[in-house]
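Please look through the sequence and the model shown below before reading on. The report that follows goes from the strands to the core and then to the pockets.

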Amino acid sequence: MFIILMMGVPVVLAGCRSENYKIDLEAEKKEVEKVIHISIGWAKNKDLAGLYQVIANDTGYLEVDPDDRIVRGFHDFKKAEDFWMSPDFKAIRYEIRDLVIRFSKQGDIAWFFCLLDDINQWKGHPANWVNTRWTGVLEKQNGQWVIVQMHFSFAFKEK
């Protein structure tokens with residue numbers, strides 16, 4: 001009985017050890033980068049369906065904007081539709097610089113930092129975010145990367 005028990009211990013311990021996570025980081029990085037670009041580039045063609053595929057559709061979504069607006073949850077996020085879809089709003093172009101993407105050890109969480117120029121018009125007047133610091137967190141849900149949190153800020157410059 002003792003010998004059978006001792007032979008079983010390694011089997012049980014092997015089953016308890018943490019998994020070796022094997023992910024293709026380069027492929028995952030490309031997917032995350034694609035999601036980041038969709039999350040800002042959707043506005044050019046007003047592709048809401050594309051946008052909503054890359055934003056977490058739950059109450060845990062969080063976004064902090066430079067104008068002290070805090071978006072809590074997907075329902076709150078969708079409230080901006082009237083602004084974005086208005087004919088008065090026109091996306092001109094965007095540029096992402098210095099993009100850095102990192103992953104959790106398990107490969108199911110990613111976070112990023114970059115500088116963003118988001119060039120737009122509102123009623124024919126500039127409505128731009130230039131040199132905007134943009135950070136975010138993505139989670140792989142049901143096999144798809146989605147943004148669960150974003151933070152945009154402008155550097156404070158003393159006069």
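## Terms and basis

Two strands are said to pair if DSSP finds at least two bridges between them. Helices (H or I, at least four residues) and strands (E, at least two) are themselves DSSP runs, numbered from the N terminus.

This is a predicted model, in which local features need pLDDT of at least 70 and side-chain atom pairs count only at pLDDT 80 or more, while totals for chains, interfaces and linings use all residues. Residues are numbered from 1 along each chain as its sequence is written, and side-chain values use heavy atoms, with hydrogens and water left out.

## The chain as a whole

The chain contains five helices and seven strands, and from the N terminus on its elements follow the order α-α-α-β-β-α-α-β-β-β-β-β. Of the 159 residues in the chain, 32% are buried, where buried means under 20% relative accessible area, exposed means over 50%, and partly exposed lies in between (1.4 Å probe, protein chains only). If contact is taken as heavy atoms within 4.5 Å, then among contacts between residues at least 6 apart in sequence, 51% join residues at least 24 apart.

## How the strands pair

Strands β3 and β4 are antiparallel and pair over 12 bridges, with Tyr94 having Asp118 in β4 as its bridge partner. Five residues lie between the strands in this hairpin, where Gly107 has a positive phi near 80°. Strand β4 also runs antiparallel to β6, to which nine bridges join it, and here Phe113 stands opposite Thr135 in β6. Two bridges join β4 to the antiparallel strand β5 (residues 125-126), and the hairpin of β4 and β5 has two residues between the strands, with Lys123 at a positive phi near 55°.

Strand β6 is in turn joined to β7 by nine bridges in the antiparallel sense, and Thr135 has His151 in β7 as its bridge partner. These two strands form a hairpin with two residues between them, and Asn142 in the turn has a positive phi of about 50°. Strand β7 pairs in the parallel sense with β1 (residues 62-64) over three bridges, and Val64 stands opposite His151 in β7. Because seven of the 10 residues of β7 are buried, this strand is largely enclosed by the rest of the structure.

Is Thr132 buried or exposed? Thr132, which is found in strand β6, counts as buried because its relative accessibility is 0%. Leaving out residues up to four places away in sequence, Thr132 touches Cys114, Leu115, Leu116, Phe152, Ser153 and Phe154.

Val130 is also found in strand β6, but Val130 is partly exposed, with a relative accessible area of 45%. Beyond its neighbours within four places in sequence, Val130 is in contact with Leu116, Asp117 and Ile119.

## The nonpolar core

A nonpolar core is a set of buried Ala, Val, Leu, Ile, Met, Phe, Trp, Tyr and Cys residues joined through side-chain atoms within 4.5 Å. The largest one has 30 residues, of which Val32, Ile55, Phe77, Trp134 and Leu138 touch the most other members. At least two residues of this core come from each of α2, α3, α4 (74-78), β3, β4, β6 and β7, and β3 gives the largest share, five residues.

Not counting residues up to four places away in sequence, Phe77 touches Leu51, Tyr52, Ile55, Tyr61, Glu63 and Val71.

## The pockets

On a 1 Å grid over the protein atoms alone, a pocket is an open set of points where a 1.4 Å probe fits, with protein on both sides within 12 Å along at least five of seven lines, and lining residues have an atom within 4 Å of a point. Grid points are joined across faces, edges and corners, and a volume is the space filled by probe spheres set on the points. The largest pocket holds about 560 Å³ of space, and of its 25 lining residues, Glu63, Asp65, Trp84, Asp118 and Trp129 are the closest to its centre. Its lining comprises 18 nonpolar, two polar and five charged residues, where Ala, Val, Leu, Ile, Met, Phe, Trp, Tyr, Cys and Pro count as nonpolar, Asp, Glu, Lys and Arg as charged, and the others, Gly among them, as polar.

The second largest pocket holds about 160 Å³ of space, and its lining has four nonpolar, three polar and two charged residues. Helix α2 provides the largest share of this lining, four residues.
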